[in-house]
Amino acid sequence: MAETREVVITNSQGLHARPAAELVEAMKAFDASLEISIGSKKANSNSIMSVLALGATSGSSALLVADGVDAAAAVDAAIAIMTSED
């Protein structure tokens with residue numbers, strides 16, 4: 001099953017260091033692959049370097065595309081991290 005959603009990153013740190021690490025760690029719990037796109041840049045959520053290379057800041061719009069048994073739950077978890085107030 002596939003799941004696609006768009007989200008505006010509201011975490012004040014964007015997807016830098018700590019939030020990126022939290023995202024990569026959270027995705028390990030799901031039987032799904034998640035790709036994050038910001039503009040023309042794409043990242044696999046299993047790679048901290050790939051996520052950091054997006055240069056995502058607060059206010060960036062991200063397209064999340066997940067595939068796998070837990071696709072919807074993986075997208076939900078990613079959105080929770082990207083929109084957290086931390």
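Me: Where does isoleucine 36 lie, and is isoleucine 36 buried or exposed?

Reply: Burial is read from relative accessible area, where buried means under 20%, exposed means over 50%, and partly exposed is in between, using a 1.4 Å probe and protein chains only. Isoleucine 36 counts as buried because its relative accessibility is 0%, and its place is in strand 2, where helices (H or I, at least four residues) and strands (E, at least two) are DSSP runs numbered from the N terminus. This is a predicted model, in which local features need pLDDT of at least 70 and side-chain atom pairs count only at pLDDT 80 or more, while totals for chains, interfaces and linings use all residues. Residues are numbered from 1 along each chain as its sequence is written, and side-chain values use heavy atoms, with hydrogens and water left out.

Me: Which residues does isoleucine 36 touch, not counting residues up to four places away in sequence?

Reply: Contact means heavy atoms within 4.5 Å. With that sequence neighbourhood set aside, isoleucine 36 touches Leu23, Lys41, Lys42, Ala43, Ser45, Val51, Leu54, Ala62, Leu63, Leu64 and Met82. As for spacing, isoleucine 36 and serine 50 are 14 residues apart in sequence, and their C-alpha atoms are 9.5 Å apart in space.

Me: How many residues has the largest nonpolar core, and which elements give two or more residues to this core?

Reply: A nonpolar core is a set of buried Ala, Val, Leu, Ile, Met, Phe, Trp, Tyr and Cys residues joined through side-chain atoms within 4.5 Å. The largest one here has 25 residues, and those with the most contacts inside it are Leu23, Leu34, Ile36, Val51, Leu64 and Met82. The elements that give two or more residues to this core are helix 1 (17–27), strand 2 (32–38), strand 4 (61–68) and helix 3 (71–82), and the largest share, eight residues, comes from helix 3.

Me: What do leucine 23 and valine 51 touch?

Reply: Leucine 23 lies in helix 1 and is buried, with a relative accessible area of 0%. Not counting residues up to four places away in sequence, leucine 23 touches Leu15, Ile36, Val51, Ala78, Ile81 and Met82. On the same exclusion, valine 51 touches Leu15, Ala20, Leu23, Val24, Ile36, Ala43, Asn44 and Ser45.

Me: At what angle do the axes of helix 1 and helix 3 cross, and which residues meet there?

Reply: Axes are lines fitted to C-alpha atoms, for helices over the stretch in contact, and angles run from 0 to 180 degrees between N-to-C directions. Angles under 35 degrees count as roughly parallel, over 145 as roughly antiparallel, 65 to 115 as roughly perpendicular, and the rest as oblique. The axes of helix 1 and helix 3 come within 10 Å and cross at roughly 165 degrees; the two helices are therefore roughly antiparallel to each other. Pro19, Glu22, Leu23, Ala26 and Met27 in helix 1 meet Ala74, Ala77, Ala78, Ile81 and Met82 in helix 3. By class, this contact has nine nonpolar, no polar and one charged residues, where Ala, Val, Leu, Ile, Met, Phe, Trp, Tyr, Cys and Pro count as nonpolar, Asp, Glu, Lys and Arg as charged, and the others, Gly among them, as polar.

Me: Where is phenylalanine 30 found, and what is phenylalanine 30 in contact with?

Reply: Phenylalanine 30 is found in the loop between helix 1 and strand 2, and counts as partly exposed because its relative accessibility is 22%. Leaving aside neighbours within four places in sequence, phenylalanine 30 is in contact with Asp70, Ala73, Ala74 and Ala77. Phenylalanine 30 and glycine 68 are 38 residues apart in sequence, with 8.6 Å from C-alpha to C-alpha.
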